[in-house]
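I opened my notebook for a first look at this structure, and you are welcome to read along. Here is what I looked up.

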Protein chains: 2
Amino acid sequence: MEENKQITIAVDAMGGDFAPAETVKGAVLATEADKGLCVKLYGIEDQVQAELAKLSYDADRVFVVHAPDVIETCESPVKAIKAKKESSMVKALYAVKSGEADAIVSCGNTGALLVGGQLIVGRIRGIERAALAFLVPSMKEPVMLIDAGANVDCRPEMLLQFAQMGSIYMEDVVHRTSPKIGLLNIGEEEEKGNAQVKATLPLLKECESINFAGSVQSREMTDGIVDVVVCDGFIGNTILKTYEGVAAFMLQSLKTTFTNSGLKTKIGAGLIKSDLKNMLKQFSVEEYGGAPMLGLKNLVVKTHGNSYAPEIRNAILQCRDFVAADIAAKISAALGTEPK
Amino acid sequence: MEENKQITIAVDAMGGDFAPAETVKGAVLATEADKGLCVKLYGIEDQVQAELAKLSYDADRVFVVHAPDVIETCESPVKAIKAKKESSMVKALYAVKSGEADAIVSCGNTGALLVGGQLIVGRIRGIERAALAFLVPSMKEPVMLIDAGANVDCRPEMLLQFAQMGSIYMEDVVHRTSPKIGLLNIGEEEEKGNAQVKATLPLLKECESINFAGSVQSREMTDGIVDVVVCDGFIGNTILKTYEGVAAFMLQSLKTTFTNSGLKTKIGAGLIKSDLKNMLKQFSVEEYGGAPMLGLKNLVVKTHGNSYAPEIRNAILQCRDFVAADIAAKISAALGTEPK
C-alpha cells in the first residue's frame, strides 16, 4: 500500500435506526477528525443532501452517490441483496468490490450485510466462511468474540479458521503479542462440550499458528483471560445479546434506584453522576466502533443498528486502522489459497 | 399428599465451595424459618457435627447421616457417581429415590448431580431428558431458562418437552397464568436460527398445551417479555454464565469507580450505598434459590457452587413449595407414560 494514500470509506447512509441524519453526521465528523479521509455517502440523494445542508463539511472529501432504494431491517437478507441492486447497501458493497472504496460501514440489516459481504465483496479463496468479529468489553482489555453472528451450525474446520483469523487480527490490528485463543465451552474439563466443541478442540490444539489456551466459559470472557473467544455464530450472537441485555437491565435499575430513592440517595446520585457516566461508557459496545467481517477480500464493517453519529464516526475512523493494517492481505497470505 | 406432612430435605453437606460450614448453617437456618421442616445432613460425620456444635438447632429436626466420601468439583460426573457410592451426594440422592427424603439440595459438582439425578432418582417414564430450570432476574418478573445446562445437542423433541415442563412449573409453582413460552433464537424472522431451532419451531407452534410466543432473543430475556425461554443446555449455560460475568464486571467497575474517585464521588457513594446494595441484590442469581431439575421422579435442586448459608436456606425453603406443588406428579400426569 502507498504511504499517505487517501482512504475512501463507502457509508450506507440509509442503514440504521437514525439514518440518514446520524449516518451523514457521523461521516462528516470522521472527515473532520482525519483530514486524509474521504467518505462516499450512498443513499437517496435528496435526503442525504438535506442532512448535509445542515452541516459544514469539506466538499472535496464528502461525496453523495444516489441510491434510490433502501433495504429495511425486517427484510429477508438473501432476497433483499439479490432484488435491491439500487439500494444504498448493495451499491456501497459494489464500490468496495470494485476498489472505488476501501471499506464499507453500515448500520443496516445485519443479515443482508453479511450475505452481501460474501456474495458481492467475496471471500478470500481458501476461507470457508467470513465471520463477524466483535470486540467485547472485559475487566482487562477488550476480548474478540468470533463469530458474533454471521454463521450458524459451523463445522469444526470453520471454527479453526475463525480462530486463525481472530489471532491475526488481534496481533496485527490490536497489537496483542501472541494472542491467547479460547474455545467457548461450558466447562474446562476434557469431557465437557457439545459435539461441535468436542470435534473442534483437537483441531485448535494441533494448530501451530495460534496460541491456544483451551476451553473458556462465557463468564471468563468478561474476566478478560483470553484475547479471542471462538464460537459458532448462533452462540456468539446470543452472548452478545445477553451482554447487552444485562448491561441495559443494570443501567435501568440504577436509574430507578436513584429516581425512587430518598433525599440522601438522590444527593449521593448527583455527586457520583459524572464518574458513573464514564464508568458506564465502557459497557457500551458502540464505544469500540464497528465489527469487521474477517475472511472477505475487502473490508466490510457492521455497526449497531441504533448507532448515533459518534459511533459511526468511530467506526469509520477504525476502518483507517483496518485498511492500514491490510488485514485481508494478511489473512489471505496466512490462510488463503489465492494464486500468488 | 397428606396435609401438614413434615417435609424432609436431604442436604449434600459436603458439596460447594464453603462446605460444610455454610451448608450446615444454611440447613439450620431453614429449620428455624420453617418449623415443619426436617433436614438430613449427608457428609463426613466429624466435620458436620463440628459445624453443628457451633450452632443452636432443634435436634428433633436436624439429623446427620455419615457419608465418608466426597465428590470434588473437578471430577468426571459419570465416573464419580458410579464409583463414589459412599459420597454425600450419592447417599443423599438414594435417600430421595427411596423416599426417606422429599428432595435433595446440593451445591456440589453440577455435572455429577445431573447425572446422579437421572441415574439414581430416575426420569419420569416418557420424559426423554431431565432439564435444569433456572429463574433469571429480568426487568419484569424472573424468567425461567430451561435447559440451563443439563443436556447438550438436544433433539427438537427434547426441547418440546422442556417447553411443556417449564410451562407446568411456571403455572403451578410460580403461579403465572398461561405462561408465555419463547424459543431462544438470534432473530424473530422465520428464516432465522440454526438447524436445531428451525426444526423445533414447528413442534412448539403445534403444541396445544403451551402458550407459544415464538422466537425470543437473549436480549429480550432480561426485558422479561416471556415467562419461559427454551434452549439447548449448552446455550442456556452460556447465557447464564454471560449473565453472571456481566453482572460481576459491572459490580467490579462500580467499586473501582467509587474507590478511585475524588472526594465528591466518595461522599456520593457513601450516601447511595444502602439503596445500591438492595438494587444489586436482584442480580444475584442466588437470591432466587436453587434450580430444580424438571422431569425426574423426585425433586433434585442444584444451588450455586459458591453459595453461602442464606442461599442454601432459601433453596431448602423453596423445596417446600416444590414438594407442596407436587410438580413431578403434574409433569408425569401431563407428559409421562407411567401406568396410571
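Predicted model: local features only at pLDDT ≥ 70, side-chain atom pairs only at ≥ 80, totals over all residues.

**Two helices in chain B**

I began with helix α1 (residues 21-33) of chain B and helix α11 (residues 309-325) of chain B, which pack at an angle of about 50°, their axes 7 Å apart.

Which residues make the contact? From α1(B) I listed Glu22(B), Thr23(B), Lys25(B), Gly26(B), Ala27(B), Leu29(B), Ala30(B) and Ala33(B). From α11(B) come Ala309(B), Ile312(B), Arg313(B), Ile316(B) and Leu317(B). Sorted by class, I have eight nonpolar, two polar and three charged residues in this contact of α1(B) with α11(B).

**A helix in chain A**

Next I turned to helix α5 (residues 110-121) of chain A. At 1.5 Å a residue, its 12 residues should span 16 Å, and I found the end C-alpha atoms 15 Å apart, which agrees.

Is α5(A) largely enclosed or open? I found 11 of its 12 residues buried, so α5(A) is largely enclosed by the rest of the structure. Among the buried ones I wrote down Thr110(A), Leu113(A), Leu114(A), Ile120(A) and Val121(A).

What do the buried residues of α5(A) pack against? My list for chain A has the helices α3 (77-83) and α4 (88-98), together with β4 (103-106), β5 (131-136), β10 (291-294) and β11 (299-302).

Last, I checked what follows α5(A): Gly122(A), with a positive phi near 90°.

Note on methods:
Residues numbered from 1 in each chain as written. Chains lettered and ligands numbered in written order. Helix = DSSP H or I, 4+ residues; strand = E, 2+ residues; numbered from the N terminus. Expected span 1.5 Å × (residues − 1). Buried ≥ 20, exposed ≤ 12 C-beta atoms within 10 Å, placed from the backbone. Contact = placed C-beta atoms within 7 Å. Axes fitted to C-alpha atoms, helices over the stretch in contact; angles between N-to-C directions. Nonpolar A, V, L, I, M, F, W, Y, C, P; charged D, E, K, R; others polar.
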